[in-house]
Amino acid sequence: KDDTEIKTCIEMLRKTHAGKGFMHESFNKDNPEKFTRAWFAWSNTLFGELLWKTYHEKPALLKA
């Protein structure tokens with residue numbers, strides 16, 4: 001519910017997709033380009049739900 005935490009989490013997830021645009025099963029904390037599974041459906045779905053909910057409830061958090 002905390003705006004700062006939501007924005008921080010979205011930004012962290014955005015920075016760790018390794019240029020692929022998708023969430024990964026896991027990644028190396030020092031190098032997000034080293035990840036396990038390139039397509040991991042449930043994590044992509046959860047990320048999409050987070051963005052959709054944020055867009056509807058707190059759209060200002062998605063602005064740069």
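Welcome to this chain, which has two helices and two strands; these are DSSP runs, with helices being H or I of at least four residues and strands E of at least two, numbered from the N terminus. Along the sequence they come in the pattern α-β-β-α. This is a predicted model, in which local features need pLDDT of at least 70, side-chain atom pairs count only at pLDDT 80 or more, and totals for chains, interfaces and linings use all residues. Residues are numbered from 1 along each chain as its sequence is written, and side-chain values use heavy atoms, with hydrogens and water left out.

**Overall build**

- Taken along the principal axes, the C-alpha atoms fill a box of roughly 30 × 25 × 20 Å.
- Of the 64 residues, 19% count as buried, where buried means under 20% relative accessible area, exposed over 50%, and partly exposed in between (1.4 Å probe, protein chains only).
- Carbon and sulfur atoms hold 59% of the accessible surface, which comes to about 5100 Å² (Shrake-Rupley method, 1.4 Å probe).
- Among contacts (heavy atoms within 4.5 Å) with a separation of 6 or more, 30% are between residues 24 or more positions apart.

**Charges**

- The chain carries 11 positive and 9 negative side chains, counting Lys and Arg as positive and Asp and Glu as negative, without His and the chain ends.
- The centres of the two sets lie 3 Å apart, with each charge placed at NZ of Lys, CZ of Arg, CG of Asp or CD of Glu.
- Side chains of opposite charge can pair when their charged atoms come close.

**Salt bridges**

- The whole structure holds five salt bridges, each a side-chain nitrogen of Lys or Arg within 4 Å of a carboxyl oxygen of Asp or Glu.
- One of them joins Lys-58 to Asp-3, with the closest N and O atoms 2.5 Å apart. Lys-58 sits in the segment after helix 2 (41-57) and Asp-3 in helix 1 (residues 3-15), so this pair ties together parts 55 residues apart in sequence.
- Lys-58 is partly exposed at 27% relative accessibility, and Asp-3 is partly exposed at 36%.
- Glu-11 and Lys-15 also form a salt bridge (3.9 Å, N to O); both lie in helix 1, four residues apart, about one turn of the helix.
- Glu-11 counts as partly exposed at 30% relative accessibility, while Lys-15 counts as exposed at 57%.
- A network of salt bridges links Glu-11, Arg-14 and Lys-15.
- Asp-30 pairs with Lys-29 in a salt bridge, the closest N and O atoms being 3.2 Å apart, and both residues are exposed.
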